[in-house]
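Q: Hi! I'm new to this one, could you walk me through it?
A: Happy to, let's take a look together.

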Amino acid sequence: VDDVVAGATLALRSTWGAAPSFGSYSYVSTNGAAIDALAAPVGRLFFAGEHTHRTRYSTADGAYLTGDREAARVLRTIAAPFSCVVLETDDGRLLAEVRDARAAAAASMLTCYGGKREPGESSRECLVRELAEELGWRPAELPNEPACTLLVNGLLIAHFYRGVVTEADADAFVLEAGNRYAFVARDDARWSPWHAAILAALDRGERLADFDDGDRAKTL
C-alpha cells in the first residue's frame, strides 16, 4: 500500500531488489549443506552469523551462538599455557590424577593428566610430552584438535583433548614418584572446579568452558 497516513510528513519503505542494504535474513529451503559451506573457515578467516547456523538461521540467537562457536574455534588455534586430556574407559569411567594433600594446586583433588606447555611446543606436543613424563605412556590415538578449551576469569588457560584408556594400559604405566591415579566417575565430587567445568561442558556438547570465580589476579 503506497498511501501515506494522513498527517505524516515522511514515509519510507524498503524495496528488497533495489535497496538490498536495508537488510535481509537467511532461509534454507532444502538442506544445510549451503550453511556448512558458509560456516567453513578459509585459512585463518572465520565466519559467524545466523546464516551459518544449521538450525537457528534467521534468528538473533543463531547469530549469538555462532559468535560463540567461532570464538572457540579461534581459541583452539592459539597455544594455551596448559594442555590436558580427558581419558575415558569403555564403561564411561575417567582416568584421574589423585593430587597429593601437599600439592601447590588442586590439593587432595582429582585432575586430568597434563601440564604446562614449554616454549616452542604446540598444545598437542605439550600433552604428548607430559603423558610420557607422568605415565610413561601415550594414547593409541590423539586428535590434532582439542575437544574443549578452558577460560578462567576471561583468560585462556588450557586446551583439553579426549582419548581412550584401558585398565590394561594402566598396568603398563610408569609413574613419576608420588603420582597416584584412579578410575573415577564423571560426577565424582573430588574433581577440581576447573576440571569439573570442562567435564560439564563436554557433557553438554560444548567446546568452551568458561569458569569465573571473580579472582582474576589469583588466576594470573
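Q: Let's start with helix 5. Which of its residues are buried?
A: The buried residues of helix 5 are H195, A197, I198, L199, A201 and L202. Keep in mind that this is a predicted model.

Q: And what do those buried residues pack against?
A: They pack against several strands: strand 1 (82-88), strand 2 (94-98), strand 3 (110-111), strand 5 (148-152), strand 6 (155-164) and strand 8.

Q: What happens just after helix 5?
A: There you'll find G205, which takes a positive phi of about 80 degrees.

Q: Buried or exposed?
A: S192 is buried, because its relative accessible area is 5% and the cut-off for buried is under 20%.

Q: What is S192 in contact with, leaving aside its neighbours within four places in sequence?
A: A106, M109, L110 and T111.

Q: Can we zoom out? How many helices and strands are there?
A: The protein has six helices and eight strands. Starting at the N terminus, the order is α-α-β-β-β-β-α-β-β-α-β-α-β-α.

Q: How much of the protein counts as buried?
A: Of its 220 residues, 37% count as buried. The protein exposes about 13,200 Å², and carbon and sulfur atoms supply 55% of that area.

Q: What share of the contacts comes from residues 24 or more positions apart?
A: Such pairs account for 59% of the contacts with a separation of 6 or more.

Q: Okay, helix 2 now. Is E70 buried or exposed?
A: E70, which is found in helix 2 (residues 60-76), counts as buried, at 5% relative accessibility.

Q: Who does E70 touch, then, leaving aside neighbours within four places in sequence?
A: E70 is in contact with A39, F46, F47 and A48. The C-alpha atoms of E70 and A48 are separated by 6.3 Å, with the two residues 22 apart along the chain.

Q: Now charges. How many salt bridges does the structure hold?
A: It holds 19 salt bridges.

Q: Which partners does R93 have?
A: R93 forms a salt bridge with D91, where the closest N and O atoms are 3.0 Å apart. R93 also forms a salt bridge with E167, and there the closest N and O atoms are 2.7 Å apart.

Q: What does the pair of R93 and E167 tie together?
A: R93 lies in the loop between strand 1 and strand 2 and E167 in helix 4 (residues 167-171), so the pair ties together parts that are 74 residues apart in sequence. E167 is partly exposed, with a relative accessible area of 44%.

Q: Which residues do salt bridges that share partners join into one network?
A: E118, E121, R129, E130 and E133.

Q: Last one: where on the surface is there a patch of negative charge?
A: D210, D212, D213 and D215 gather in such a patch. Among them, D210 is in strand 8 (residues 208-211) and is exposed, with a relative accessible area of 57%.

Technical notes: Residues are numbered from 1 along each chain as its sequence is written. This is a predicted model: local features need pLDDT of at least 70, side-chain atom pairs count only at pLDDT 80 or more; totals for chains, interfaces and linings use all residues. Side-chain values use heavy atoms; hydrogens and water are left out. Patches are made of residues with over 30% relative accessible area and no salt bridge: like charges are joined within 9 Å, nonpolar side chains (Val, Leu, Ile, Met, Phe, Trp, Tyr) within 5 Å. Accessible areas come from the Shrake-Rupley method with a 1.4 Å probe; for residues, only the protein chains shown count as cover. A salt bridge is a side-chain nitrogen of Lys or Arg within 4 Å of a carboxyl oxygen of Asp or Glu. Lys and Arg count as positive and Asp and Glu as negative; His and the chain ends are not counted. The place of a charge is taken as NZ of Lys, CZ of Arg, CG of Asp or CD of Glu. Helices (H or I, at least four residues) and strands (E, at least two) are DSSP runs, numbered from the N terminus. Buried means under 20% relative accessible area, exposed over 50%, partly exposed in between (1.4 Å probe, protein chains only). Contact means heavy atoms within 4.5 Å.
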